[in-house]
Amino acid sequence: MAHNAHSIVSLGTAVSELVHDGDTVALEGFTHLIPMAAGQELIRQRRRDLTLVRMTPDIVYDQLIGAGCARKLVFSWGGNPGVGSLHRFRDAIQNGWPQPLEIEEHSHAGLANRYVAAASGLPFAVMRGYRGTDLPKHTANIKPITCPFTGEELTAVPALELDVAIVHAQRADREGNVQMWGLTGVQKEAVLAAKRSLVTVEEIVDVLEPMPNAVVLPKWVVTHVAEVPNGAYPSYAHDYYDRDNAYYREWDGISKEREGFEEWLETL
């Protein structure tokens, strides 16, 4: 497809073209390849009223919530991994600062299945995982459903209606084909589930060398690719750099009080 020759753009251009106020946006990546730089670009461009989706909202979502970008959070676990609470997330929930935050909570399996359903073009996913839990009482997007074959009572979750998926990967070629390897979460499903997508990569190369178990997102499923070295920092990019554990610990102090967070925001 000819338009893909122009799919490689700067991070700033990609965010301004793809993400609009009020959009439903997922920044996905599990333990590594977390699209931190892209999340901070959303803050710099002052996006507002976003519904943010993520299986494990961590410090990049703390930053987005504290900066006033988020209206709603759809998630399945939230915290500063290995450290503790997300103070900006907590402040938004408890005190409505900088604005009230609506939340929709799922299990990991529930949210992963919502991505899979959307990626598959199906209206919902069916699972057993919510039986015996209180989540269906608190989350409108979990409904009982009866198996038409056996009569078993199951639960259904709707496909995620994503405007934009943003993920980070190790590399892309000049045509916009993307390769990622190591521990992958629901990045591929998120991209396939979304109307528009941005993949930030460590580097753009002439040829993608074969890698064991490498996930390749072909150019026709990706709207824009941006070359952003260290784009996952302080998380890690397998074979490129390690996780900066000290940063995660420091974030606890930076984000604890509003004043400290606002000082950090000024440096962005």
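The largest pocket is lined by Ile43, Arg44, Arg46, Arg48, Ala67, Cys69, Leu265, Glu266 and Leu268. Helix H2 (36-44) and helix H9 (258-266) are the elements that give two or more residues to this lining. The space in the largest pocket comes to about 190 Å³. Here a pocket is an open set of points on a 1 Å grid over the protein atoms alone, where a 1.4 Å probe fits, with protein on both sides within 12 Å along at least five of seven lines; lining residues have an atom within 4 Å of a point. Grid points are joined across faces, edges and corners, and the volume is the space filled by probe spheres set on the points.

The model is predicted, so local features need pLDDT of at least 70 and side-chain atom pairs count only at pLDDT 80 or more, while totals for chains, interfaces and linings use all residues. Residues are numbered from 1 along each chain as its sequence is written, and side-chain values use heavy atoms, with hydrogens and water left out.

Turning to the strands, an open sheet is formed by 3 strands in the order S5-S7-S6, with antiparallel pairing. Strand S5 (124-127) and strand S6 (143-146) each have a single partner strand and stand at the edges, so one side of each is left without a neighbour in the sheet. On average, and with direction ignored, neighbouring strands of this sheet are turned by 40 degrees against each other. Strands and helices are DSSP runs numbered from the N terminus (helices H or I, at least four residues; strands E, at least two), and two strands pair if DSSP finds at least two bridges between them. S5 is joined to strand S7 (residues 153-158) by 4 bridges, and Val126 has Ala156 in S7 as its bridge partner. Helix H5 (residues 108-119) lies across S5 and S7 and runs at about 140 degrees to S5. Contact means heavy atoms within 4.5 Å; axes are lines fitted to C-alpha atoms, for helices over the stretch in contact, and angles run from 0 to 180 degrees between N-to-C directions.

A parallel pairing is found between S1 and S2, joined by 3 bridges, with Val53 in S2 as the bridge partner of Ala26. In strand S2 (residues 50-54), 5 of the 5 residues are buried, so the strand is largely enclosed by the rest of the structure. Buried means under 20% relative accessible area, exposed over 50%, and partly exposed in between (1.4 Å probe, protein chains only). Leu50, Leu52 and Arg54 point one way from S2, and Thr51 and Val53 the other way.

As for charged pairs, 17 salt bridges are counted, each being a side-chain nitrogen of Lys or Arg within 4 Å of a carboxyl oxygen of Asp or Glu. One of them joins Arg196 and Asp23 (2.8 Å, N to O). Arg196 lies in strand S10 (residues 194-205) and Asp23 in the loop between helix H1 (11-18) and strand S1 (24-28), so the pair ties together parts 173 residues apart in sequence. Asp23 counts as buried, at 8% relative accessibility.

Glu104 and Arg114 also meet in a salt bridge (2.8 Å, N to O), and both residues are buried. A further salt bridge pairs Glu152 with Arg128 (2.8 Å, N to O). Glu152 is partly exposed, at 23%, whereas Arg128 is exposed, at 51%. Through shared partners, salt bridges join Arg71, Lys72, Glu102, Glu104 and Arg114 into one network.
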